[in-house]
Amino acid sequence: MHKLLVLCLFMFVWFGCSSAQYVQQSYYIESNKLISVYIDSNFSEEEAKEIEMSMILWNNALNKQMLLFIASKNFIISTHNINEAEENNSFIILKINSVIANDKKDIDSSILAYTNRVGGNIVYIIRDRMAEEDIHYIMLHEFGHLLGATHVKKGLMYKYYSPASYSCIDYDTAKQVANYEKLNINNMKYCK
Ligand SMILES: [Zn+2]
């Protein structure tokens, strides 16, 4: 009898835990808003961590309505890989320098980072124009562009960088992203 009770308890704990895990996993898959993020292999581990930090803040703001996750930190730049990522609606974060940026006619010397378009899928970080600790603030802004936000007159989507105004995902940014991605703003977590 005692053995049977232990077995029942064991079965309950076992199935209880595994079904809870299943519910959590299927929730994310069903959300249909998973976005793979590919990080250029040229970023150092510390630089990749800065990018990851801003991704975590975005996931917190999106509050499970969308989920960004790192698919690889070893992305190799090639036309094929970039096209493939675009077809899969993945985001790519590329590391470039001023020499490369100066060759692009739309990119002036004051620009620190840019995306291929609002609602696009590629961020170019001009690495020699910022300190390592600036990367996550700047990426917070650039993820905003990828998720559909345009420049506004203050806060995270202001076009001029400062750590103070780029420190969190504000209402104006969350609202723009909610509109663009068709999310519920009331379920988003933004800073006041
Ligand atoms: Zn911008």
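Modeller: A term to start: two residues are in contact if their C-beta atoms, placed from the backbone, lie within 7 Å. By that rule, take the contacts in the chain between residues at least 6 apart in sequence: 65% of them join residues at least 24 apart. Note that this is a predicted model.

The chain has 6 helices and 5 strands. Along the sequence, the pattern reads α-β-α-β-α-β-α-β-β-α-α.

Now the sheet. The 5 strands form an open sheet, in the order β2-β1-β3-β5-β4, with mixed pairing. β2 and β4 (113-115) are at the edges, each with a single partner strand, so one side of each has no neighbour in the sheet. On average, neighbouring strands are turned by 20° against each other, direction ignored.

β1 and β2 run parallel and are joined by 6 bridges. In this pair, L34 stands opposite L67 in β2.

Next, the helices on the sheet. α2 lies across β1, β2 and β3, and runs at about 165° to β2. α5 also packs on the sheet; it touches β3, β4 and β5. The direction of α5 makes about 20° with that of β4.

Then the core. The largest nonpolar core has 42 residues. V37, W58, I93, I125 and L140 touch the most other members. At least two residues each come from β1 (34-40), α2 (45-62), β2 (67-75), β3 (91-96), β5 (122-126), α5 (135-146) and α6 (171-181). α5 gives the most, with 7 residues. In soluble globular proteins, nonpolar side chains tend to be buried together. For the chain as a whole, buried residues make up 30% of the 192 residues.

Leaving aside residues up to four places away in sequence, W58 touches L68, F143 and I169.

Most residues other than glycine have a negative phi. K64, in the loop between α2 and β2, has a positive phi near 70°. K64 has 12 other C-beta atoms within 10 Å, so K64 is exposed, the limit being 12 or fewer. N89 lies in the loop between α3 (79-87) and β3. Phi of N89 is also positive, at about 55°, although N89 is not a glycine. N89 counts as exposed because it has 11 C-beta neighbours inside 10 Å.

Terms used
Residues are numbered from 1 along each chain as its sequence is written. This is a predicted model: local features need pLDDT of at least 70, side-chain atom pairs count only at pLDDT 80 or more; totals for chains, interfaces and linings use all residues. A nonpolar core is a set of buried Ala, Val, Leu, Ile, Met, Phe, Trp, Tyr and Cys residues joined through C-beta atoms within 7 Å. A residue is buried if 20 or more other C-beta atoms lie within 10 Å of its own, exposed if 12 or fewer, and partly exposed in between; C-beta atoms are placed from the backbone. Helices (H or I, at least four residues) and strands (E, at least two) are DSSP runs, numbered from the N terminus. Two strands pair if DSSP finds at least two bridges between them. Axes are lines fitted to C-alpha atoms, for helices over the stretch in contact, and angles run from 0 to 180 degrees between N-to-C directions.
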